[in-house]
Amino acid sequence: MTVGLKQPPVDEGRKPQPSAGGRPPKRRRLLTMAKARPWLLLAPALILLAGLLLWPLARVFIFSLQDYGLRQIVSGKTKFIGLDNYAEVFGDSSLWTVVLPNTIGFAIVAVASTVIFGTLVALLMASLSPLWRTVVGSAVMVAWAMPAVTGTYVWIWIFDADQGLVNATLKGLGLMDESFNWFTNPVTFYGIVALNIVHHGFPFVAITVLAGLLGVPKEMLEAAEMDGAGPIRRFFQITYPTIKPVFSVVVILSTIWDFKVFAQIYLMPGGSGSNREVLNLGVWSYVESFGQNRYGFGAAIAVLLTVLLLIITAIYVRTLFKEEKV
Amino acid sequence: MRHRSLSRRLVKAALVALLLAFTLFPAYWMISSSFDAQASSGGQSLLPQEFTLANYQYVLTEGGFGTFLRNSAVVAFFTVTISGIVALLAAVAVARFRFKFRTGILIMVLTVQMVPLEALVIPLFVQVRDLQLLNSLVGLVIVYLAFSLPFAIWMLRGFVAAVPVELEEAAYIDGASWGRMFRSVLLPLVAPGLVATSVFSFIVAWNEFIFAMTLLGGAAENYTVAIGLKQFFGVHANDWGPVMAASTIITIPVMVFFVLVQGKLSNGLVAGAVKG
């Protein structure tokens with residue numbers, strides 16, 4: 001292969017065209033064709049993304065400014081009410097006492113547990129022999145592959161009030177006299193959700209951090225060990241700074257996922273709106289829209305969720321870029 | 001010294017055992033409950049006592065889970081195929097052509113992945129309703145395309161960019177048209193990437209819950225597996241045997257695909273194609 005051909009990605013205009021043959025009209029046609037080709041290739045994707053993501057994103061905002069109920073859906077008429085929906089959302093005391101604490105508090109606890117546990121698993125895996133690393137890795141994959149819906153049902157079954165394993169074991173050990181309903185108390189309810197989320201979410205953290213750990217130069221760690229640094233010191237002084245970008249990505253993605261948990265809460269007993277003590281932003285928006293037919297009000301909550309996620313994303317992306325520049 | 005390393009190994013072994021127990025327990029409990037005749041009557045212990053296939057039999061015949069499986073397979077097939085084709089074309093455009101707004105489009109594809117799809121349930125519900133596609137699998141496929149496309153484009157872009165331009169140029173020199181080059185050179189070389197993105201789209205379509213529940217609402221005959229599970233509640237209260245049997249059936253294809261993809265993404269298909 002000749003060196004001269006080694007150019008950056010082919011520009012269609014410069015592509016060898018044996019058939020063009022120097023006839024000007026045909027050449028021009030080929031040129032416009034070449035210009036149009038990327039857009040022709042992109043067209044289906046752009047149409048789908050615009051119609052299914054961008055337009056709905058604009059529309060959820062438009063709905064949030066309307067009194068949009070079943071009547072408006074059927075008749076197609078619009079009734080704009082300005083910021084009334086937002087006023088109602090922010091004026092609702094349950095937003096401040098239940099929904100936001102549930103959403104933000106849960107996200108903080110879940111992200112911290114997932115990232116810490118996932119990192120510990122990655123550190124353990126990095127210290128194992130290849131055989132055992134494969135064994136543990138496969139087990140971690142099984143936890144990862146478990147669909148959210150079936151995983152949630154298994155956790156409900158384990159904590160089931162009548163016949164669940166946890167209640168049966170606690171009663172069998174004599175620690176409890178009668179069955180305890182784990183799902184009515186918001187704290188135990190979210191404890192089970194957190195267990196479910198950590199179990200489902202730590203594999204991604206562990207596998208990603210492990211990939212980063214294996215790239216940390218061994219010489220640096222050995223040098224530090226010779227200088228007398230213990231394992232904890234080695235982790236925070238060498239490993240962590242080296243793979244900080246990996247942590248940033250893992251934390252961003254976990255935060256985004258844990259902020260908008262839906263199925264894991266909605267499917268739990270009382271999680272679909274009947275127990276208002278356990279609502280989070282996503283479930284609240286859904287319940288108001290599809291349970292009460294108050295789509296405008298639900299849209300306002302959805303906009304609030306989106307804005308919160310965008311702020312988090314923006315903060316993290318900025319720190320990410322800042323770190324890379326330094 | 002030797003003493004210390006032994007106790008260290010014991011601690012590590014205990015940690016590995018604990019980790020394996022925590023990681024595998026839900027899957028174990030799901031499978032063991034599904035085969036245990038005692039699961040529905042509440043007499044189940046940690047080890048299964050009475051082996052039975054009755055739960056599976058009930059789920060697949062009376063429970064009507066076969067229909068849900070077929071619906072999910074249909075939805076997943078069309079989602080995978082359409083998003084694969086559309087994303088590959090778009091990926092070729094952004095990886096191989098220089099044109100105006102190229103960077104803008106890349107940034108859009110990246111940011112659009114951050115949009116919480118849960119927040120779009122309301123407008124997408126109204127949109128699908130306006131198209132008269134509520135309660136139909138077509139509406140669901142259209143929505144799932146929105147889920148899988150941005151990630152598929154982003155991932156395939158990397159695979160297309162990894163194919164050496166020299167191979168394409170060699171095809172042109174041999175007199176191939178762009179279409180011929182695409183079919184005979186590019187397509188076979190990005191096939192592993194296409195497989196990987198297809199697996200991702202499959203898992204999205206197979207597991208998705210909130211849109212399936214919202215868009216299929218009343219049409220139980222069109223339910224996908226993720227919402228079909230709900231059908232086993234309420235009929236017989238706390239009938240966990242069938243629920244766990246159905247959950248096992250749902251989980252198996254996902255696990256198989258996870259195993260298939262693991263480690264096969266970068267097997268260096270093009271590594272030997274260009275020599276320094």
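Because the model is predicted, local features need pLDDT of at least 70, side-chain atom pairs count only at pLDDT 80 or more, and totals for chains, interfaces and linings use all residues.

Reader: Which stretch of chain B has pLDDT below 50?
Author: pLDDT is the predictor's confidence in each residue, from 0 to 100. Chain B has a mean of 85, and 89% of its residues reach 70 or more. Where pLDDT is low, predicted coordinates should not be read in detail. The stretch below 50 is residues 264-276.

Reader: How many helices and strands does chain A have?
Author: Helices (H or I, at least four residues) and strands (E, at least two) are DSSP runs, numbered from the N terminus. Along the sequence, chain A reads α-α-α-α-α-α-α-α-α-α-α-α-α-α. The count is 14 helices and zero strands.

Reader: What share of chain A is buried?
Author: A residue is buried if 20 or more other C-beta atoms, placed from the backbone, lie within 10 Å of its own; 12 or fewer makes it exposed, and in between it is partly exposed. Chain A has 326 residues. The buried share is 35%.

Reader: How many residues of H6(A) are buried?
Author: H6(A) is mostly covered. Its buried residues include A:Tyr153, A:Trp155 and A:Trp157.

Reader: Which element gives the largest share of the side of chain A that touches chain B?
Author: Contact here means C-beta atoms, placed from the backbone, within 7 Å. The contact takes 68 residues from chain A and 68 from chain B. On the chain A side, 50 are nonpolar (Ala, Val, Leu, Ile, Met, Phe, Trp, Tyr, Cys, Pro), nine charged (Asp, Glu, Lys, Arg) and nine polar (the others, Gly among them). The largest share, 15 residues, comes from H1(A).

Reader: At what angle do H3(B) and H6(B) cross?
Author: B:Ala91 touches B:Ile153, B:Leu156, B:Arg157 and B:Val160, not counting residues up to four places away in sequence. The axes, lines fitted to C-alpha atoms over the stretch in contact, come within 6 Å. Angles run from 0 to 180 degrees between N-to-C directions. The crossing angle is roughly 40°.

Reader: Is A:Asn293 buried or partly exposed?
Author: A:Asn293 lies in the loop between H13 and H14 of chain A. Its phi is near 60°, positive in a residue other than glycine. Because A:Asn293 has 16 C-beta neighbours inside 10 Å, it counts as partly exposed.

Reader: Is B:Phe101 buried or exposed?
Author: B:Phe101 sits in the loop between H3 and H4 of chain B. Its phi is positive, about 70°, although it is not a glycine. Because B:Phe101 has 12 other C-beta atoms within 10 Å, it is exposed.

How values were computed:
Residues are numbered from 1 along each chain as its sequence is written. Chains are lettered from A and ligands numbered from 1 in the order in which they are written. Two residues are in contact if their C-beta atoms, placed from the backbone, lie within 7 Å.
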